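Dear colleague,

I am passing on the structure below, and after it I set out what was found. Please read the notes with the structure open beside them.

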Amino acid sequence: MKDIQTHDRHRLAEKIRFLERDVIEVITTTFLQQHPETKELGEVAKNHCITDARYHLTFLRTAIEFGNKDTFRQYLRWTTKVLQTRNIPQHVLQRFLEHISHALEPHLTEPEKTVVRSHLLETPESEPPEPQTSARSTTPLALHQEVFLQALLAGDRHAARTIALEAFSNTRSLSDVYVELFQESLYKIGSLWEANHISVAQEHVATAITQYVMANLYTCVTPAQPSQGKGIVTGVEGELHQIGPHMVADMLEMQGWDIRFLGVNVPHQSILQLIKDFRPTLVGISATMVLKVPTVRDLIKDIRNHFPPAATPRILVGGSAFRALPDVYRNIGADAFAYDLRSLTALLP
Ligand code: B12
């Protein structure tokens, strides 16, 4: 983004955050007035407007803050698809984005308006996003993957467990089973939900089954004796995606790290306290939602402010948010980023 400097981007992102509440109110009122057909839906339509506007604004300011318009484009492609599969035509989204632009513009300078318009008013491409994948189609576990996904869709946790144990006995590699079976199947589950082919309940069932199978599978391996040092793995406040960091914690433990896995949505003060008490040399932070990247940045800043450089652990970040923004880890003060479990292994001593 050439039209605005880095510090101006931060200021604009902050301004959007500050204006959020008022802008949401203006957009909701205008949108509902201009679409009288939504009247019969009453409060439901209003609540949808509020939620959508909050999402659009949050993704907008995050993309602006990190100077990465592609993430907003990707978000719009995703939103377009979710709406289309629910019979909401693309022009409704476009009108909605125009309302956001109009509501923001009176508060913006000319260069800021240009940036906001360039994000909001470019027609979102309607083709579906590329499915996230890191497994090659020729992977030795391709067939297992196919059937594991079917077991998740069928809600059959016993079948899923059997398939995973079988895959493990073939490969003897926990990271292969984690990535090729669990991760890839969950990415597909996400795409199916996005396309409205499965319900939220089915997505939850698939997640719960995967967690059950992971726990079962982990009893089949013997972690190495702790020899690498201490580490903690955590998700930031507001982040609910737990399986990725769980895998990272398991993998580090397998490789001889003494690990404390905190789960996700952890208050930052508690993370800082644990670092103080446990004194890890490694901290892994996970974020799935791009809009959580600023929260990761704040946590890293707090860690660096709280501990002198010699006592500061090495900070690794990962998760889908960073897969979408692979260079951002440097700007937010992390030491390294790992794309998945295999690249994590490559980063470690
Ligand atoms: C399961 C799931 C949920 C569950 C999570 C439950 C749980 N206990 O974890 C629940 C229902 C809570 C959920 C909620 C939401 N979700 Co969700 N979810 C998913 C789903 C289907 C799977 C996530 C997953 O486990 N992936 C598998 C793991 C293994 O992959 P991973 O996290 O990328 O981890 C790997 C690497 O990234 C890396 N890694 C991860 N962390 C770390 C950390 C470190 C330090 C390192 C080094 C590496 C590393 O290693 C891992 C192994 O290789 C995804 C689909 C997807 N594409 O991921 C959607 C998805 C992420 N969710 C999505 C959405 C929209 C939401 C909600 C907003 C939905 C809603 N309307 O409420 C909320 C947001 C909640 C929040 N505030 O965080 C979207 C995000 C779209 C976007 N553009 O950002 C996705 C992509 C679905 C989709 N295709 O539309 N979700």
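Two strands pair if DSSP finds at least two bridges between them, and helices (H or I, at least four residues) and strands (E, at least two) are DSSP runs numbered from the N terminus. Please bear in mind that this is a predicted model, in which local features need pLDDT of at least 70 and side-chain atom pairs count only at pLDDT 80 or more, while totals for chains, interfaces and linings use all residues. Residues are numbered from 1 along each chain as its sequence is written.

The sheet is open and has 5 strands, which follow the order β2-β1-β3-β4-β5 with parallel pairing. Because β2 (257-261) and β5 (336-338) stand at the edges with a single partner strand each, one side of each is left without a neighbour in the sheet. On average, neighbouring strands of this sheet are turned by 25° against each other, direction ignored. Within it, β1 (residues 229-235) and β3 (residues 282-286) run parallel and are joined by 5 bridges; Gly235 has Ser286 in β3 as its bridge partner.

Turning to the helices, the axes of α6 (residues 142-154) and α7 (residues 157-171) come within 8 Å and cross at roughly 160°, where axes are lines fitted to C-alpha atoms, for helices over the stretch in contact, and angles run from 0 to 180 degrees between N-to-C directions. The two helices, α6 and α7, are therefore roughly antiparallel to each other (the term applies to angles over 145 degrees).

Best regards

Notes: Angles under 35 degrees count as roughly parallel, over 145 as roughly antiparallel, 65 to 115 as roughly perpendicular and the rest as oblique.
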